[in-house]
Amino acid sequence: MTAHVHLTGDGNYFEDFEVGRRMRHARSATIDEVENNFISKQVMNTAQAHWNEAITAGSSFGDGRLVFGLVTGSMTVGLTSQDTAENALAELGLDNVRFRKPVHHGDTLTAYTEVLAAGPADCRDDAGVVRFRHWGRNQHGDVVCELERTVLIKRAGHWRRDAASREEVVSP
């Protein structure tokens, strides 16, 4: 018995990312204490707003400990990955990162994407470069994070052809 092994979906190769295309990503995620505490400690971020609940009580940031911005940014990018990075060969850059509103433990983020640019890769003909704008919104619809991301993504014509020639034989 012969079966094709497909690890990625259709619609996320370089050719599929037309400038102006917008996506609302299907998954959302709630940020818990674990994500914030682990990463904040790992990178030695000692800002008291991440550790001391009393210091944020009644502040302009709202009640409760704040989530470290890089956790918010990482979660936003992660939520976009199924649609934007399944066929990525390399992450080339993150730019213009902005945190618009505070995020607290228990907030749920949903991510959105717009394709800003798509063009050839200087170094290879089997891939192209796509620039995305990602933004994350909390459960209230507030934009909490915006950033631009540049990714080297496989071209369908090259990689689909190669995949067809690498069939995997599966025994019953």
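What should the 16 residues of helix α3 (residues 69-84) span at 1.5 Å a residue? The expected span, taken as 1.5 Å times one less than the number of residues, is 22 Å, and the end C-alpha atoms of α3 are 22 Å apart, which agrees. Helices (H or I, at least four residues) and strands (E, at least two) are DSSP runs, numbered from the N terminus.

This is a predicted model, in which local features need pLDDT of at least 70 and side-chain atom pairs count only at pLDDT 80 or more, while totals for chains, interfaces and linings use all residues. Residues are numbered from 1 along each chain as its sequence is written, and side-chain values use heavy atoms, with hydrogens and water left out.

On the surface, Leu70, Leu94, Val97 and Phe99 form a nonpolar patch with about 360 Å² of accessible area together, and strand β3 gives the largest share of the patch, three residues. Val97 is found in β3 and is partly exposed, with a relative accessible area of 31%.

The protein averages a pLDDT (the predictor's confidence in each residue, from 0 to 100) of 84, and 85% of the residues score at least 70.

| Strand | Mean pLDDT |
|---|---|
| β1 (residues 2-3), lowest | 35 |
| β5, highest | 98 |

Over residues 1-7 the pLDDT is below 50, and over residues 165-172 it stays under 50. Where pLDDT is low, the predicted coordinates should not be read in detail.

Notes:
Contact = heavy atoms within 4.5 Å. Patch = residues over 30% accessible without salt bridge, like charges linked within 9 Å, V, L, I, M, F, W, Y side chains within 5 Å. Areas by Shrake-Rupley, 256 points an atom, 1.4 Å probe, with all protein chains shown as cover. Salt bridge = Lys/Arg side-chain N within 4 Å of Asp/Glu carboxyl O. Buried < 20%, exposed > 50% of the residue type's maximum accessible area, 1.4 Å probe, protein only.
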